[in-house]
Amino acid sequence: MSNALKQSFDLSAFWEYRSILWQGLIFNALVFLCAACVALSVGLGAALFRINRFLPARVVGTLHVELFRNAPDYIMLVWVHFVLPILIGLVIRRRVEFHPFVSAVIALGFVYSGYFAEAFRAGMQAIPQGNLDAGRAFGMSERLILWRITLPQVVRRMLPEALNLFISLFKATTIVSLIAVPDLMYNVSMVIQQEMRPLPLYTGAALTYFLIIFALSSTARAFSERWRQKIQA
Amino acid sequence: MGNWERLVWNQRDVLFAGFAVTIEVCAIAFVVAILGGLMLCLARLYVAPLRWVAIVLIEFFRDTPIFVQLMWVAYVWPEVFGFPNDFFTAGWLALGLQSSGYLAETFRAGIEGVPRGQREAAFSAGMSPVQTLQRVVMPQVALSSAPSIVNQFTVIVKSSTLVSVITVPDLMSQSQKLVNVWYEPIEILTATAGLYIAFVFLISLTGKLIADRLRQRFGLAAS
Amino acid sequence: MRALHAKLSAPIFMSDVPRIRIAGVHKSFGPLEVLRGVSFDVQHGSVVSVIGASGSGKSTLLRCINYLDPPNSGEIYIEGEPLGSRIDARGGRKPRSLAEINAMRRELGVVFQQFNLWPHMTVLGNVIEAPIRVRKIPRKEAIAYGEECLRRVRLIDKAREYPARLSGGQQQRAAIARALAMRPKAMMFDEATSSLDPELTDEVLSVMRELAVDGTTMIVVTHEMSFAREVSDRVIFLHAGMIEEEGPPAQIFEAPQSDRLRQFLSKYRK
């Protein structure tokens, strides 16, 4: 056992391959950034649908949120990568294939749009009706009210929760290796196939992610504490 | 589409077998998560020499992505610790440990949220610290944590799809086998996705109903 | 005395079209009929107070006037222009779109009971927001006039503060400045002092008094009877959604003619 213990902490092996592993991490970051953009925009749209005056819009919004919030990331990833291209291909009568990166961004983006939509909605419903009445009384259009009064307050209120969701999303990007996006875990498995030394590599990967996420969430926690105090004042 | 019948309905035994494995893994992981979370939380708060060990473990289990943790537990632990011996165990162990980190923090927030006056009242009545914990604090923590606990179960179910990667024959893995046999992914994968979504949705719904009922009976603000 | 001062200091406005005309307004919420045919005029430069018990429909009336809650029937006219509909080129009557109603709302400044300042903007930010976004006034000009309005309500030193740091009275004065900054044709006050602690109502009432003396057209829904008596040109007593009695303050407060009004006023006699 102690031999294995020594082996797994012999991180020189991990360090040896650091450049391709680093490239893999960049891919994680890229998937994260693109998926975050999708999640924010689609999530905002879904939240607006959910509080719309018209019932069909509300139904669509609620369906969207419930569908994606309750869906496991991995099955969504597989579905978007293997089923969606076929469906689109049937409609436009051509063979369609998604680049794995695209599938990853779509799948994770839409799953997290469900979570963001709920966060947005909670924030919007917490805004006092009087604020909106004042806007309308001054002749502001609904769009103006949304952008100048509602959203600034929603962002301020939900920033801590949004930060947690972003961190969650970043953790979720680790599964994209399963559809051959060359992220950190994918490169780790490539190296293992070549070198047959899984222990230091998996341990190294775990440690790397742990350190990154730990740094991010500690910062987020400290920031959120300060932020909550600031907006209460 | 007759395909649905051929590919999904006729294969329902295969799929249900996978679903059964999924439920098994999730149930065991859930128990591990609650017990583990409880132990970590109590160790952190009340067992002074173990405090930092508990904190490090909690942070480690929470901050490591589940997929990475799964691979690590499945491939590194057997060499280093001698167990887990099979992938099924590795599956529920990894899932359980990750959730135990989250639940440890949930329990801690719950314990710290019980007003101090209640503890003082118990001590004044002559109850020992252990009794106080058992009879006054923990029941309230259980009530206020209930929604988070249910939520953590949905997280476990959603993450359990990854155990297919370490060859545990769960629902995800069975549906992938079917796709490999029949080469027609649309119906099989859509049905599988639908099954997972419906299952998670039902769990959350049940959780919400239970939370509402508890709130009515006990009047506590179950967030 | 006040009326004379107003006539001397207000700009000469040669029109006998009332600034605001409320005509036959009915409003129901579901089966509950809150306003049952209310009609009155507000002349340019005059102050009309609306008094009545809670549930008489006072606040609903104000919300109908600027179409926050559109009336079920009846019409509001701002300087002769109906708010809810317009005459199109062929002489037919068409309902106004939301955008057109919004445009007309600019002419009515509203001060709410709950102040409703926007918490994520400074006081000055609140004041210049609508002028810039709705009236499309250039920023420099909006700031200049906004600061003048703040000076008028004696709040200029708080211009860069956030609403949360202000007392209730200061917040309400900021809200008044915000409404004034739009240069509305008329100002509406919906129980502007009801949410304030007694020590703070005076600062707001004195601002309102000054506005009245300056010749601002005002509709004031209030519980402050001495204020209404002192400042109004006309007082309207609303009961159960209808005008029970109306007239000059002297008549309403000294010689009330309806029983209900007498009953209502007796609660305020010290």
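## Strands 4 and 5 of chain C

In this predicted model, strand 4 (residues 73–78) of chain C and strand 5 of chain C run antiparallel and are joined by two bridges.

Let's step back to the whole sheet. It is an open sheet of four strands in chain C, with the order 2-1-4-5 and antiparallel pairing. Strand 2 (32–42) and strand 5 (81–82) of chain C stand at the edges; each has a single partner strand, so one side of each is left without a neighbour in the sheet.

Helix 2 (residues 58–65) of chain C lies across strand 1 (20–29), strand 2 and strand 4 of chain C, and runs at about 65° to strand 2 of chain C.

## Two domains in chain C

How is chain C divided into domains? The domain assignment gives domain 1 as 2–107 + 184–266 and domain 2 as 117–182. The C-alpha centres of these two domains of chain C are 24 Å apart.

Where the domains meet, 11 residues of domain 1 of chain C are in contact with 11 residues of domain 2 of chain C. On the domain 1 side, helix 7 (residues 198–213) of chain C supplies the largest share, four residues. By class, that side of domain 1 of chain C has seven nonpolar, one polar and three charged residues.

How values were computed: Residues are numbered from 1 along each chain as its sequence is written. Chains are lettered from A and ligands numbered from 1 in the order in which they are written. This is a predicted model: local features need pLDDT of at least 70, side-chain atom pairs count only at pLDDT 80 or more; totals for chains, interfaces and linings use all residues. Domain bounds come from an automatic or database domain assignment. Two residues are in contact if their C-beta atoms, placed from the backbone, lie within 7 Å. Ala, Val, Leu, Ile, Met, Phe, Trp, Tyr, Cys and Pro count as nonpolar, Asp, Glu, Lys and Arg as charged, and the others, Gly among them, as polar. Two strands pair if DSSP finds at least two bridges between them. Axes are lines fitted to C-alpha atoms, for helices over the stretch in contact, and angles run from 0 to 180 degrees between N-to-C directions.
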